[in-house]
Amino acid sequence: MDWLSIMAQISGTNDPVTYAIPVFILLMVIEIWIDLKEKLQLYEFKEAAACLAMGLGSLVINLFVKAFYFYVFWKIYEHTGFFKEQLSFTVMGWVLLLFADDFSFYWHHRLSHEVRLLWAAHSNHHSSQDYNFAVALRQSWTEGFYKFLFYAWLPVLGFHPLMVFSMVSISLIYQFFLHTQVVKKLPAWVEFIFNTPSHHRVHHGVNLQYLDKNHAGIFIIWDRLFGTFEPEGEAVVYGLTKNIDTKNPVKIAVAEFKALWEDVRRAPTWKDKLKYIFYPPGWSHDGSSLTVKEIMRRRQKSGDNHHPSTA
């Protein structure tokens with residue numbers, strides 16, 4: 001398979017996101033109309049523009065990143081693909097892939113919050129203090145370089161690479177609809193099984209009880225199963241524990257990498273340097289900043305469960 005055919009496979013009419021773009025635009029227009037009518041102040045023009053710029057940059061960069069991983073997945077599929085006949089483009093294959101993809105997304109997403117280097121790539125999606133459909137497009141420019149490693153086991157089993165990349169796109173489309181404050185809680189059975197706007201608002205919150213919760217893509221069952229679920233309660237405060245004051249998409253993309261480099265540079269030992277890279281965000285060799293678990297322990301002792309001032 002040559003590179004031209006690879007690019008054709010993962011772009012254009014083969015990518016479900018292509019068909020979803022008009023829906024994204026329509027929903028943003030409707031949300032803005034509701035925002036203006038109800039005076040909810042959900043949108044700030046420069047912030048929304050920064051989100052759209054991040055989305056466009058991610059789209060261009062990830063086209064080439066996805067082409068590379070499609071080639072790798074194709075080679076894996078060709079040489080292994082243990083259950084090709086049972087899984088490739090069969091009804092059973094699509095059903096199993098829905099859950100296998102979502103399981104992969106959960107662990108990719110969770111570790112992106114628990115490993116500082118991965119957080120540096122993922123954090124720009126959380127860096128807006130607004131929460132609306134535009135924020136859904138505030139995608140990382142670097143996350144794709146490692147994200148697909150979490151899906152590499154799928155072609156080994158025998159899921160065709162085109163199926164895998166299509167399901168990744170379907171999950172991305174689903175997650176767009178989660179980024180809104182207009183939709184409140186859905187029926188109880190939906191909230192129990194699926195990721196919803198309510199659950200994902202929690203994920204974007206910096207309230208102490210919301211930090212590192214609800215990593216789900218489509219199904220909230222993984223968070224319930226692995227102990228990272230938190231229902232929406234008090235009003236959500238959006239953004240980062242240390243917000244960045246910029247609307248420049250380049251600065252947004254590199255902000256946490258810059259902060260990470262500064263921490264690594266000032267670390268006194270090589271062991272500490274590695275800990276800054278691979279330990280959770282907030283870890284520090286001198287206690288000047290705290291991880292979520294450290295904050296949780298201290299705040300529980302003091303009885304303060306609100307927005308953390310140190311992280």
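At what angle do helix 14 and helix 15 pack, and how far apart are their axes? Helix 14 (residues 249–266) and helix 15 (residues 270–278) pack at about 160°, with axes 8 Å apart. That makes helix 14 roughly antiparallel to helix 15 (angles over 145 degrees count as roughly antiparallel, under 35 as roughly parallel, 65 to 115 as roughly perpendicular and the rest as oblique). Axes are lines fitted to C-alpha atoms, for helices over the stretch in contact, and angles run from 0 to 180 degrees between N-to-C directions. Helices are DSSP runs (H or I, at least four residues), numbered from the N terminus.

A word on the source. This is a predicted model, in which local features need pLDDT of at least 70 and side-chain atom pairs count only at pLDDT 80 or more, while totals for chains, interfaces and linings use all residues. Residues are numbered from 1 along each chain as its sequence is written, and side-chain values use heavy atoms, with hydrogens and water left out.

Stay with helix 14. Its Leu260, Asp263, Val264, Arg265 and Arg266 meet Lys273, Tyr276 and Ile277 of helix 15 (contact means heavy atoms within 4.5 Å). This contact divides into 4 nonpolar, no polar and 4 charged residues. Ala, Val, Leu, Ile, Met, Phe, Trp, Tyr, Cys and Pro count as nonpolar, Asp, Glu, Lys and Arg as charged, and the others, Gly among them, as polar.

Now look at helix 10. Its axis and that of helix 2 come within 10 Å and cross at roughly 5°. Helix 2 and helix 10 are therefore roughly parallel to each other. Pro16, Val17, Ala20, Phe24, Leu27 and Met28 of helix 2 meet Ser166, Ser169, Ile170, Leu172, Ile173 and Phe176 of helix 10. By class, that is 10 nonpolar, 2 polar and no charged residues.

Helix 5 also packs on helix 10. Their axes come within 10 Å and cross at roughly 65°. The helix 5 side of the contact includes Trp94, Leu97 and Phe105, and the helix 10 side includes Met163, Met167 and Gln175. The contact has 8 nonpolar, 4 polar and 2 charged residues.

Last, the pocket. The largest pocket holds about 1,100 Å³ of space. On a 1 Å grid over the protein atoms alone, a pocket is an open set of points where a 1.4 Å probe fits, with protein on both sides within 12 Å along at least five of seven lines; lining residues have an atom within 4 Å of a point. Grid points are joined across faces, edges and corners, and the volume is the space filled by probe spheres set on them. Of its 43 lining residues, Val17, Ser58, Leu59, Gln139 and Leu172 are the closest to the centre. Helix 3 gives the largest share of the lining, 10 residues.

Technical notes. Helix = DSSP H or I, 4+ residues; strand = E, 2+ residues; numbered from the N terminus.
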